[in-house]
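The following paragraphs lead through selected features of one model. Please keep the sequence and the three-dimensional view at hand while reading.

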Amino acid sequence: MATVADVRPLAIGLERSYEVFVRGRRKFRIGSIVYVAFSADETIMGFAFPKTERDALVDGDPDTFLLPAASEMRFNWVGSRLVRLEPTEAREFVLDAWRMCVPQKLARAYDAEHPDGPG
């Protein structure tokens, strides 16, 4: 089971990433772009994810992943139940979400420094 404590050190350590609290919810941003957000009770982690792959992810494991609200379907976003994710898997989703929001040179620099991934 993954928790906020499993992903927070990674998220705050990523280039240009910072943590904010909005209406009691923890979010991680790059500039004004939110790339990871947690529900108020920290049981759901939403993260940036390609719209073109979202249905396949949710259909493949509907107990773990969920679609965003109908009003948010236009965004590159998906939700996950933290209780169903392993910590390593949750960190990989955070890193992939971050990669979607930063320039490619930052993502390549991170990959060069961390060839084994976020662990």
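Apart from neighbours within four places in sequence, Leu106 is in contact with Glu15, Arg16 and Trp98, contact meaning heavy atoms within 4.5 Å. The model is predicted: local features need pLDDT of at least 70 and side-chain atom pairs pLDDT 80 or more, while totals for chains, interfaces and linings use all residues. Residues are numbered from 1 along each chain as its sequence is written, and side-chain values use heavy atoms, with hydrogens and water left out.

Leu106 belongs to helix H4; helices (H or I, at least four residues) and strands (E, at least two) are DSSP runs numbered from the N terminus. With a relative accessibility of 14%, Leu106 counts as buried; buried means under 20% relative accessible area, exposed over 50% and partly exposed in between, for a 1.4 Å probe and protein chains only. Leu106 and Arg16 are 90 residues apart along the chain, and their C-alpha atoms are separated by 9.3 Å.

Helix H1 (residues 4-13) has the buried residues Val4, Val7, Leu10 and Ala11. Viewed down the axis of H1, these buried residues fall within an arc of 140°, so they line one face of the helix; the arc is that of the directions from the helix axis to the C-beta atoms. The face turned away from the buried side carries the exposed residues Ala5, Pro9 and Gly13. The cover over the buried residues of H1 includes strands S1 (17-22), S2 (25-30) and S3 (33-38), together with H3 and helix H4 (104-113).

How do the axes of H1 and H3 cross? They come within 9 Å and cross at roughly 30°, H3 comprising residues 87-101; axes are lines fitted to C-alpha atoms, for helices over the stretch in contact, and angles run from 0 to 180 degrees between N-to-C directions. H1 and H3 are therefore roughly parallel to each other, a term for angles under 35 degrees. From H1, Asp6, Val7, Leu10 and Ala11 meet Pro87, Ala90, Arg91, Val94 and Leu95 of H3. By class, this contact has seven nonpolar, no polar and two charged residues, where Ala, Val, Leu, Ile, Met, Phe, Trp, Tyr, Cys and Pro count as nonpolar, Asp, Glu, Lys and Arg as charged, and the others, Gly among them, as polar.

Two loop residues complete the tour. Arg23, in the loop between S1 and S2, has a positive phi of about 50° although it is not a glycine, and is exposed at 80% relative accessible area.

Glu42 lies in the loop between S3 and strand S4 (44-48). Its phi is positive, about 60°, although Glu42 is not a glycine, and Glu42 is partly exposed at 31%.

How values were computed:
Parallel < 35°, antiparallel > 145°, perpendicular 65-115°, else oblique.
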